Each structure stands twice: as C-alpha cells, then as structure tokens.
Amino acid sequence: MGIIRKYRFMILRRSSQLSLMFLFFAGNAYGWSVLKGNLSSSRIMDEVPLSDPFAILQIFAAGSIVSSEALLGALTITTFFAIAGGRVFCSWVCPMNLVTDLANRLRRTFRIDSAGKSWWMSRNTRYWVIGIGLIVSLFMGVAAFEWLSPVSMLHRGVIYGMGAGWAAVLSIFLFDFLVIKNGFCGHICPLGGFYSIIGRFGLFRIRHHKGKCTLCMKCIEICPEKQVLSMVGKKDGMVLSGECTNCGRCIEVCDDNAMKFGMRYISKIT
Amino acid sequence: MGDAREEISEEIREETNGRRKFLIETVRGLGFAVTGGLVWSGFIEGKKAYPFILRPPGAAPEESFLVRCTKCGMCVEACPYDALILASPGDERPVGTPYLMPRERPCYMCKDIPCMKACPTGALDKSLVSEKDGHGKAKLNINLAKIGMAVIDRENCIAYWGIQCDACYRVCPLIDKAITVEYTRNERTGKHAILAPVVHSDACTGCGLCERACVTKKASIFVLPRRVAMGESSERYIRGWDIKDEQRLEGVSPETKTVTPRSSKDPLEYLNKGDF
C-alpha cells in the first residue's frame, strides 16, 4: 500500500499516457473510434475535433489558413491545458516523457551527475526554438517543427510504424541520459515551451508548506524543472511558473507532507 | 588623487565590461539562432524537394498540401483498402504525410472518398473532387481526382511489342476514357495488329490500378505526379482550331518578355544583315 501511495501520481500519469497511446493505436489498428488520429490532430468518437495548437500556429506562420474544424480543435486543446495549468501535456500525455523519464532515472542510478561538471544549456532555449521555428515556418512555407519533431515521430511511430524514427528517439534518450539532465524536455522542446506559456495561469498548482519542510531537498533533486521550486524551505507559496509539468513527483518524494496539489485562486496557500 | 582616478577607471571598465558582455551575449545568441534556423531550413528544403510522391485524392497542389497537412494520419486510418501510407522517418519523403504506392496497393476510388472526408485541415480539399449536380448542389465525384497520371514505357510494354496484353486497359475504372487501345498494323509480321494502350491525361485520375495490374516484372505503366509527368505549353502556342484553347490568350499581354541576343534586334535588321 505504501509503495502505491509513494508512486500515486506516477501510476496515474503512466496510466494516462499509456491508455491515450493505446486508444490512438487502436484507432488505427482495430478501427476503434474513441480516439482517431494522433497528437497533431484527432477526433473523439469521430465527432469532437482536437488539434495541436502549436502546429496550427506554425501553419498560420507559414501563411496558410486551416479549416474551422482544426481551428476549433486547437482552441479546445488550448482551453483545456490553460485551465489545467502548467505543462500537464508534457507529464500526463506526451509519449516522449516515458523516454526522458527513463533516461533521468538511469542518470540517477548511474550517478552521471557526480562525475563532475556537465554541459550547460539555458532553459530559455525552448522559447528561442519557438521563435526560430515560427520564422523558419514563415520562410519555408511549412510548419517547421512538425517536420522534425521527435515527439510526433515517436507518437506516429507507435500508431503507424516507426521507420527510422527510433533513431530520433534513441538520440533524445542518449542526450538526456548522458549529455544534459532533462536536456530535451526541460531545455529544447518548443512544444513544452509552448505549453509553459499556455499553462502559465492555470488552476492546478503545486503548493509548498514551509512549516513542514525539513530541507531534505528531495523535491529539488527529483524535479525536472527545479527552477520552479525556488520557494522551497524559504516561504509558503504556490509554484506559479508555467514550466512546472504538474507531474507531482515532488509530492511523492516529500516525507514531510510539505508539498501538495492545490487550486490556484481557490485554495489557500498554506 | 591617484586612488580616485583608479577607482573611476575601474568603474568605467566594469561598466564597459558589462555593456560588452551584454552585446557579446546578444550577438552570440543571435548567431546561434541564425545557425539553427539555417540548418533547420536546409533540412526542410531537402525533404520538400522529393518530387515523386503521389498524394491521396483531393490533395491540394503539393505546396499548399504540405503547409496544411498536420500529419495526423486520419486519412490513412480512413482508407478501407489500407492503400495510403504515412511517411515515416527514413522514407525519404516529407515525414508524417500520406502517400500512395500503386504497385503495392492502388487507390480503389471509393465513391464517398473517406480519406478526404477524414482530413481535418483541408489539405485534402473537398472542392477539388466535387462538381455541381443538376440542382446546383455540390456532389462528390471521385473521377475528378488528380492523384497523378499514368505513363507508359513503350519500349517495355509487351503490347507495344505486338504481344496481346490489355491488362491495364481492362482494369482501368475509366476504361475507354483514361486508357484506350489503338490498333496499328504490325509491320514486322505484316499480318498482325498491335493493340497498344494509350493514356489520356484529361480523364486519367492516377489511381494506379493499371500500374498494379501490369504484367511486366517492373511495371511498364506507372503513375507519376502530374507536375512531373506533364509538360506545359506557353500561352503563345494556341490550338487556333479550338475555341476553348483560344481562351488561354485572354489577359495575355502582347509585349514579349523574352529577350535573346537575336530578339533584341529589329527582325528586319536581323534578316538584312544576313548573319543567320
């Protein structure tokens, strides 16, 4: 029982990621109509349209308009994740999260970080990648990130066949495992950056109770975006940064009940 | 006195260092961004250049198809014959976009065009496969699809050798419109006929059933994208005996834009000089 409690959000997240992936897979393989398409565009029960708002934004930048269906789908997704808050997409939906979490896990097991200085990269790189991606879209006349997104390659690979896409996934894995900690999801991925912006004012947020904190720093150690936990041990407060993925790992590792999920604007901070 | 001066210069140095640092960091960031952007663009340009790709029926012209397609794969899922393939990395085609390989599986020309209907963005455009019926209402017509055009290699097509084969002709869903058979005398034997298939671009949809049916080891009739398979005559060459073709002249300026060393001279002068 204890172990389930210790990994309660992890179990929920993996179930969410895997079941979504399976439903997409079944949409193609068995013709189930629960979810058809993939993370770029899809339909629920052949009716409700969903679209990746970042992809649609790139199509706009490339100088094209899309059908109202795709627009409505992008709006639905944007609204959902804007309300949910943080990068819920990244840690509850995105299939690449499974890969990079594994890389991070192995990184801890083999204590890669203890081997001295590692490479450094700004966490703002992702916002630059968004900007460059939109400019490249404008000049090349296509949605630029969609042409090389390893996230889409992995997701499409699971549904329609991988091709040489495994190479992209492997390189992301090795990059996160051996080069930079949380290198892809936490530094480069423009989709993550995009959802950071969207989820900036969302509802579900991590809150910290300073009074219970014993400064063990386990939460900082486990957090894939540790800059968002700047208040830990210093003051009571909510994680307000959109870069927090709402993965809930900090809550799970905290032995002092100092971290909790809360509702911004609604629940009290302490 | 000396101390104060040193202090001031130290301050200035720090200030200029700060400014210098900021400038250098900005320039470095920009350099990084431009490098990344160029590599990124180069990658896309390389992938975009692949010309021999056959898109599903109703696909907008390649440029606008590529910008609108979100690579969701719903057309692939909708295809009841599993004829559509979603390009995966390593296919040397724009990744995630749908295409056909008619020799493996052609388009069977569903009347309700489920692949087109599944498209959420309009990359597969309904208006390109619809026509007005008697009451002015738009109606789907798969025969308007322009997936590509069948091209015949006359040197390897055994019908052109004089051996009787009409596999492509018989299988064509627009038999006698898209593919006809032309009878000519077999000069080699002097007593047989050659029954040669001929493709007509106005009717051919590029479904690829002929390519699939072709009996030669490697298909001698195969579908190519229309922009690859077809030429285009300039508006200055008109079939004067065809009123419809005359219409291509509308809006064409009489001024010619082509200038060559010869055309820069007056025609009379060019004739009189006698240097041709």
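1. Let's begin where the two chains meet. B:Ser41 touches A:Val136 and A:Met140, leaving aside residues up to four places away in sequence. Please keep in mind as you look that this is a predicted model.

2. Where does B:Ser41 sit? Its place is in helix α1 of chain B, which covers residues 2–48. Is B:Ser41 buried or exposed? Its relative accessible area is 15%, and buried means under 20%, so B:Ser41 counts as buried.

3. Next, a helix pair in chain A. A packed pair of helices is described by the angle between the two axes and the distance between them. Helix α7 (residues 125–140) of chain A packs with α11(A) at an angle of about 100 degrees, and their axes are 8 Å apart. Angles of 65 to 115 degrees count as roughly perpendicular, which means that α7(A) is roughly perpendicular to α11(A). On the α7(A) side the contact is made by A:Arg126, A:Tyr127, A:Val129 and A:Ile130, while α11(A) brings A:Pro190, A:Gly193, A:Phe194, A:Ser196 and A:Ile197. Sorted by class, that contact has six nonpolar, two polar and one charged residues.

4. Now for helix α4 of chain A, residues 68–84. Which residues of α4(A) are buried? They are A:Ala70, A:Gly73, A:Ala74, A:Ile77, A:Phe81 and A:Ala84. These cover an arc of only 100 degrees around the axis, so they lie on the same side of α4(A). On the other side, A:Ser68 and A:Leu75 are exposed.

5. What do the buried residues of α4(A) pack against? Their partners in chain A are β3 (48–51), α3 (53–61), α5 (88–92), α11 (190–198) and β4 (204–208).

6. Last, have a look at helix α9 of chain A, residues 165–179. From first C-alpha to last, its 15 residues reach 20 Å, close to the 21 Å expected at 1.5 Å a residue. The buried residues here are A:Gly165, A:Ala168, A:Val169, A:Ile172, A:Phe173, A:Asp176 and A:Phe177. Their arc around the axis is only 160 degrees, which puts them on the same side of α9(A). What covers them includes α6 (96–109), α8 (150–160) and α10 (183–188) of chain A.

Technical notes
Residues are numbered from 1 along each chain as its sequence is written. Chains are lettered from A and ligands numbered from 1 in the order in which they are written. This is a predicted model: local features need pLDDT of at least 70, side-chain atom pairs count only at pLDDT 80 or more; totals for chains, interfaces and linings use all residues. Side-chain values use heavy atoms; hydrogens and water are left out. Buried means under 20% relative accessible area, exposed over 50%, partly exposed in between (1.4 Å probe, protein chains only). Helices (H or I, at least four residues) and strands (E, at least two) are DSSP runs, numbered from the N terminus. The arc is that of the directions from the helix axis to the C-beta atoms. Contact means heavy atoms within 4.5 Å. Axes are lines fitted to C-alpha atoms, for helices over the stretch in contact, and angles run from 0 to 180 degrees between N-to-C directions. Angles under 35 degrees count as roughly parallel, over 145 as roughly antiparallel, 65 to 115 as roughly perpendicular and the rest as oblique. Ala, Val, Leu, Ile, Met, Phe, Trp, Tyr, Cys and Pro count as nonpolar, Asp, Glu, Lys and Arg as charged, and the others, Gly among them, as polar. The expected span of a helix is 1.5 Å times one less than its number of residues.
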